[in-house]
Amino acid sequence: MVALEPALFTTEIATEELARIANAEKLGRGWGLWNHWSMLDAVLLPEGTKLTANICRVSTAECMDRAVIDETFAVLPSIIAYDMSYMQYYAVFQDVNVSLTFSGGNERLLVAAELVSCAGNC
């Protein structure tokens, strides 16, 4: 049996752990911009309210309501903040290319969408 040093047992919480807890508490409030199911979603925490930005082609009435980074390259991330409070990416749906920018992380959500290119009747 191995004896444990009494100095290993303490009621003190390491500074790094306190910083991690504070960061987790901060990220658990306000608009979360990274939903693993879709980059078009923003979720208000802790309420759980979800806002989805759809990309629609008016001429066909078809919409892209889910966007993930995968082998289809339908979503191309450009800038994503480490704390997920800001992200900008490009999403392609049919022949419509849109730049989407989300800024959140607190109680206010800002969204900007810009049409980059469109072939035909958009």
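A: Trp 31 has Leu 44 in strand 2 as its bridge partner. This is a predicted model, where local features need pLDDT of at least 70, side-chain atom pairs count only at pLDDT 80 or more, and totals for chains, interfaces and linings use all residues. Residues are numbered from 1 along each chain as its sequence is written, and side-chain values use heavy atoms, without hydrogens or water.

Strand 1 covers residues 30-32 and runs antiparallel to strand 2. The two are joined by 3 bridges. That makes them a pair, because pairing takes at least two DSSP bridges between strands. Strands here are DSSP runs of E with at least two residues; helices are runs of H or I with at least four, and both are numbered from the N terminus.

Strand 2 spans residues 41-45. Cover is its main feature: 4 of its 5 residues are buried. Buried means under 20% relative accessible area, exposed means over 50%, and partly exposed lies in between (1.4 Å probe, protein chains only). For scale, 26% of the 122 residues in the protein chain count as buried.

Strand 2 has another neighbor. Strand 3, residues 49-52, is joined to strand 2 by 4 bridges. These two strands are antiparallel as well. Asp 41 stands opposite Thr 52 of strand 3. So strand 2 pairs with strand 1 and with strand 3, both pairings meeting the rule of at least two bridges.

Now the turn. Strands 2 and 3 form a hairpin with 3 residues between them. Gly 48 has a positive phi there, near 90°. Pro 46 lies in the loop between strand 2 and strand 3. The peptide bond that joins Leu 45 to Pro 46 is cis, with omega about 5°.

Move on along the chain. Strand 4 (55-57) and strand 5 (62-64) have a loop between them, and Ala 61 lies in that loop. Ala 61 is not a glycine, yet its phi is positive, near 60°. Ala 61 counts as exposed because its relative accessibility is 66%.

A disulfide links Cys 56 with Cys 63. Their sulfur atoms are 2.0 Å apart, and the rule for a disulfide is a pair of cysteine sulfur atoms within 2.5 Å. The count by this rule is 1. The link is right-handed, with 105° about the S-S bond. Cys 56 is partly exposed because its relative accessible area is 37%. Cys 63, at 37% relative accessibility, is partly exposed too.

Tyr 90 belongs to strand 7, residues 86-93. Tyr 90 is partly exposed, at 33% relative accessible area.

Finally, the setting. The protein chain has 1 helix and 9 strands. From the N terminus, the order is α-β-β-β-β-β-β-β-β-β. The C-alpha trace spans about 75 × 35 × 20 Å along its principal axes.
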